[in-house]
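Here's a friendly walk through one protein model. Have a look at the picture first, and then we'll go through it piece by piece.

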Amino acid sequence: MSAIQYISNSANLNFYATAIRNILSSNHKRLTLIWVPGHSGIRGNELADETAKNAWKYPFILTENHNSSDLSSYIDTVFKSKFSEIFDNSSSHYKNINFNKTSIFNFTPLKHDHKFPRAYLTKYIRLRLGHTNLTHSHLFNRSPPPSCPFCRILFSVHHLLIECPHFSTIRNSIFGNTNPITLLGDPTKSNILLTIKYLQSVGLYTQI
Ligand SMILES: [Zn+2]
């Protein structure tokens, strides 16, 4: 279907689309392109389908038949594929805040609201990334990584939001039964405000 739509649109100047249009129009005065559902039983169609599906596995060979949009589309596909592969195999904090989805390209975009204090967004985004002043500024100071003063284990965003028993009363009063990490994966205004309220209540807002 997409191939028919692509060929039908004369604005698409891809070499092969243009060549097919030229062949079709030189042999017929009037043409109607019809999409036929399913390939089963038609050997040529099945072969074409299989070849198209396998094409991404092979190196891209640039010829004079390709134009800049073909190249750009190929680079985009390779980039997304490689990035998804790395991301899916990682155990990064950023992946963990979105456990229902496997690709970085499916993340809910964070929309900027001008009525919203910029500092709130900054702190919230740092928590999403898992990199905050509290947990990572030691890298600039060349000092040892910070430990939680109550638990004596390494401080992390996960520890601050989920694990640390010292903050459990405040955590429960603000988040109730909701896992605070899920609020990082869904950047609505109310989720951002709740997260900021927690940081302020535990006295760590300025350190994030
Ligand atoms: Zn702790």
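Is K82 buried or exposed? K82 is exposed, because 10 other C-beta atoms lie within 10 Å.

Before going on, a word on what you're looking at. This is a predicted model, where local features need pLDDT of at least 70, side-chain atom pairs count only at pLDDT 80 or more, and totals for chains, interfaces and linings use all residues. Residues are numbered from 1 along each chain as its sequence is written.

**The overall layout**

The protein is divided into domain 1 (2-88) and domain 2 (106-207), with bounds that come from an automatic or database domain assignment. Taken over C-alpha atoms, the centres of domain 1 and domain 2 are separated by 46 Å.

**Helix 4 and its residues**

K82 sits in helix 4 (residues 68-88). Helices here are DSSP runs (H or I, at least four residues), numbered from the N terminus. S69 is also found in helix 4, and S69 counts as exposed, with 11 C-beta neighbours inside 10 Å.

Now for some distances between C-alpha atoms.

| Pair | Apart along the chain | C-alpha to C-alpha |
|---|---|---|
| K82 and F167 | 85 residues | 39 Å |
| S69 and K57 | 12 residues | 20 Å |
| H93 and V157 | 64 residues | 8.5 Å |

**A look at H93**

H93 belongs to helix 5 (residues 93-96). With 18 C-beta neighbours inside 10 Å, H93 is partly exposed. Which residues does H93 touch, leaving aside its neighbours within four places in sequence? They are G130, V157 and H158. Being in contact means that the C-beta atoms of two residues, placed from the backbone, lie within 7 Å.

**Helix 12 and its partners**

Let's move to helix 12 (residues 189-201), whose axis comes within 10 Å of the axis of helix 10 (residues 168-175), crossing at roughly 155°. Axes are lines fitted to C-alpha atoms, for helices over the stretch in contact, and angles run from 0 to 180 degrees between N-to-C directions. Helix 10 and helix 12 are therefore roughly antiparallel to each other. As for the labels, angles under 35 degrees count as roughly parallel, over 145 as roughly antiparallel, 65 to 115 as roughly perpendicular and the rest as oblique.

Which residues make this meeting? On the helix 10 side you'll find I170, R171, I174 and F175, and they meet L194, K197, Y198 and S201 in helix 12. Sorted by class, this contact of helix 10 with helix 12 has 5 nonpolar, 1 polar and 2 charged residues. Here Ala, Val, Leu, Ile, Met, Phe, Trp, Tyr, Cys and Pro count as nonpolar, Asp, Glu, Lys and Arg as charged, and the others, Gly among them, as polar.

Helix 6 (residues 118-129) also has an axis that comes within 10 Å of that of helix 12, and the two cross at roughly 85°. So helix 6 and helix 12 are roughly perpendicular to each other. In helix 6, the residues Y120, K123, Y124 and L127 meet I192, T195, I196 and L199 in helix 12. By class, the contact of helix 6 with helix 12 has 6 nonpolar, 1 polar and 1 charged residues.

**Two arginines in a loop**

R142 is in the loop between helix 8 (138-141) and helix 9 (157-163), and R152 lies in the loop between helix 8 and helix 9 too. Phi of R142 is near 55°, a positive value in a residue other than glycine. R152, not a glycine either, has a positive phi of about 65°. R142 is exposed, with 6 C-beta neighbours inside 10 Å, and R152 is exposed with 7 other C-beta atoms within 10 Å.

Definitions and conventions: A residue is buried if 20 or more other C-beta atoms lie within 10 Å of its own, exposed if 12 or fewer, and partly exposed in between; C-beta atoms are placed from the backbone.
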